[in-house]
Amino acid sequence: MTRHVLEFVGVSKVYGSRRSGIRVLRDLNVSVAAGETLGIVGESGSGKSTLARLALGMEQPTTGVVRVDGKSTGRAGAGVGGSAQIVFQDPASSLNPVLEVVTSVREPLTVSRKFDKAGRTRRADTILDEVRLNDELRHRIPGELSGGQKQRASIARALAALPPLVVCDEAVTALDVSVRAQVLNLLRRVREEYNSTLLFISHDLSTVAYMSDRILVLYLGKVMEIGTTASLLRDPAHPYTMTLLSAVPRMQQGRLRRERIVLGGEAPSIANPPAGCPFSTRCPIAQDLCRQQEPPLAPLANGNSAACHFPHVLGADGRQGAVA
Amino acid sequence: MKFRRGERVVHAVRDVSLTARAGDRIAIIGESGSGKTMTTLAMLGLLPAGAEVSGSFSLGGERYDPLDKAAVDRVVRRRMAAVFQDSLSGLNPIKRVGTQLEEVLLLRGHDASTASTKVVEALRRVGISDPQMRARSYPHQLSGGMRQRVMIAMALLASPQLLIADEPTTALDALVQAQVIDLVLELQREIGLALLLITHDIALAADVCEDAIVMYAGYVLEQTSMAALLERPAHPYSAALLGSMPRLDSPRDVPLQAISGEAPSAYSTPDGCPFAPRCDHARDICGTAMPPLRPVEGGALTRCVRIDEIRHELAGPERLSA
């Protein structure tokens, strides 16, 4: 049986009072298997950072349960230092500015109690070798490292104590283009080495697609579509997924020629979500039904799931097929 | 273009030449420290204090010195406009958006009585709904995408011949980015102005522009048409950048073509090609002197001294996916 490292069961998160607060995440049910990478895409306000904080145990769900390695993050002491680790966009934020990076990398090992003193030193050296920070670099303070080196150090720190789950929140966004590929390749290598389970969050769909086994598409706190990367890219069902895909620059000429789906207006505020389907106010194929009734996340023939009354109706070029 | 920092001299940009004609869409592609932003700040006459510039600038046939404030006011302000990444820094936080847009017109000698009508019209033109109401908003009351539209409206009110867009969409969500780029392109074609897109994102540059300038450590390494860059890059750095970006159709079981090492510090002044320490094709000759930009087959200009020997090994994505 598949071992699930991360489980969200009926999870909602409301900031403010239960009745009138802002519902940033609603009815989330998803499991991530050991060794799997789940990519999360969505715009600002979609709830992807809240999802990350819940997985890390930094926040508790308003309803439902979040389990990491079978243990609820709500348990006393869980989620702190032990289970999930995070790689942030800004590598400096997880490194103590006045400590040598090797000291910062050893810190989670001390907290985890999986290693004795000699084991901690050995483990820190091993993981720093893995991320290719040599003897000289690992004894520097973060301010003496370049951006790419700092991000390698924060990846070493995140992976040091062999956490069951690693959350990468825009982990390469702040890096220079020529350094990004190094860090992505490094993440792939250590993921393989340790069979790590990753939540890979980014606004850049190309990077998420490259890194992830499955992709979850969030909009205004709701899952719009979830499925394996290959089939989601080849055969997207939800108009929002198609819109996101059509907005990705293709590294070829011809924006002016390319057929793309163009949405009017701005995303509604999460504080004031529309009735019915959250995407209905901008969806090119929305019907009356969509504005009245919120579609449930339902399985599709290709094995993915989408929350749409009319999946696969919108063509990839933005033209509308027949509404069944 | 250089700066003095105490004893040390920073060469921010070296020997850049570019010409933009009406209707041109040119991308300057580079990472941080490549000199792409300094090049545009120089054109705009917005150089930081202490900068030294040599060479000549002209706009609409009129030459100007980017360090001479009066000349910049006379030549640049009337013909060039810019949209930057951080829209908040371009707007005064304690003035209403409409007032700031009106100032652009008043500075150009427009009649105050018609200014507010023109501002509302410009806001409508860039796709802002309820422009009368939005004109009374303060910058913080608008979303990032809307602020960037306001910046574009401001640029349009200046009726420029050249629009500089410096990472205009980097801070925006994917869909808002697409909307803003569409808007810039639509207006560019409608008004026939020249567009200079400054970006680190080679995919976006490819999508939008017809010509490309690839910069690294202050140098132009390759200057070419976008079609040629994608089909047959003429510098190993351009080829490496193209190969290092994940694409939607990148095979997921193959590592990206990473570029080893990091970009050189602005203080370093290598004798040879600044990319040589990271270049898979570098030989001893690359460390001796920086070669001038020279034309190669297909019309591209390149600074790679070994290009004739290695070009067949460089492939752009158009060929990779073909």
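Visitor: At what angle do helix H3 and helix H5 of chain A pack, and is H3(A) parallel or oblique to H5(A)?
Guide: In this predicted model, helix H3 of chain A covers residues 117-130 and helix H5 of chain A covers residues 147-160, and their axes lie 9 Å apart. The two helices pack at an angle of about 135°. Because angles over 145 degrees would be needed for a roughly antiparallel pair, that angle makes the relation of H3(A) to H5(A) oblique.

Visitor: Which residues of H5(A) meet those of H3(A)?
Guide: The crossing of H3(A) and H5(A) is right-handed. On the side of H3(A), the residues that take part are A:Arg123, A:Ala124, A:Ile127 and A:Leu128. Sorted by class, the contact of H3(A) with H5(A) has 6 nonpolar, no polar and 1 charged residues. From H5(A), the residues that meet H3(A) are A:Ala156, A:Leu159 and A:Ala160.

Visitor: Is the crossing of H4(B) and H5(B) right-handed or left-handed?
Guide: Helix H4 of chain B, residues 97-107, packs against helix H5 of chain B, residues 112-125, at an angle of about 120°, with the axes 9 Å apart. That angle makes H4(B) oblique to H5(B). As for the hand, the crossing of H4(B) and H5(B) is right-handed.

Visitor: Which elements each supply at least two residues of the side of domain 1 of chain A that touches domain 2 of chain A?
Guide: Chain A is divided into domain 1, residues 4-212, and domain 2, residues 234-306, and the centres of the two, taken over C-alpha atoms, are separated by 29 Å. In their contact, 7 residues of domain 1 of chain A face 6 residues of domain 2 of chain A. The side belonging to domain 1 of chain A holds 4 nonpolar, 2 polar and 1 charged residues. At least two residues of that side come from each of strand E2 (22-33) and helix H7 (205-211) of chain A.

Visitor: How many residues does the contact take from domain 1 and from domain 2 of chain B?
Guide: For chain B, the domain assignment gives domain 1 as 2-209 and domain 2 as 225-248 + 257-321, with C-alpha centres lying 29 Å apart. The count of residues in the contact is 10 from domain 1 of chain B and 9 from domain 2 of chain B.

Visitor: Which elements of chain B each supply at least two residues of the side of domain 1 that touches domain 2?
Guide: That side of domain 1 of chain B divides into 6 nonpolar, 2 polar and 2 charged residues. Among the elements of chain B, at least two of its residues are supplied by each of strand E2 (8-11) and H9.

Visitor: Which helix gives the largest share of the side of chain B that touches chain A?
Guide: The contact between the chains takes 37 residues from chain B and 36 residues from chain A. Helices of chain B that each supply at least two residues of its side include H8 (174-191), H9 (202-208), H10 (226-231), H11 (236-244) and H13 (317-321). By class, the side of chain B has 22 nonpolar, 7 polar and 8 charged residues. The largest share, 6 residues, comes from H9(B).

Visitor: What ipTM does the predictor give the complex?
Guide: Chain B has a mean pLDDT of 88, and 98% of its residues reach 70 or more. For the complex, the predictor gives a pTM of 0.87 and an ipTM of 0.83.

Technical notes
Residues are numbered from 1 along each chain as its sequence is written. Chains are lettered from A and ligands numbered from 1 in the order in which they are written. This is a predicted model: local features need pLDDT of at least 70, side-chain atom pairs count only at pLDDT 80 or more; totals for chains, interfaces and linings use all residues. Domain bounds come from an automatic or database domain assignment. Two residues are in contact if their C-beta atoms, placed from the backbone, lie within 7 Å. Helices (H or I, at least four residues) and strands (E, at least two) are DSSP runs, numbered from the N terminus. Ala, Val, Leu, Ile, Met, Phe, Trp, Tyr, Cys and Pro count as nonpolar, Asp, Glu, Lys and Arg as charged, and the others, Gly among them, as polar. pLDDT is the predictor's confidence in each residue, from 0 to 100. Axes are lines fitted to C-alpha atoms, for helices over the stretch in contact, and angles run from 0 to 180 degrees between N-to-C directions. Angles under 35 degrees count as roughly parallel, over 145 as roughly antiparallel, 65 to 115 as roughly perpendicular and the rest as oblique. A crossing is left-handed if the near helix is turned anticlockwise from the far one by less than a right angle, and right-handed if clockwise.
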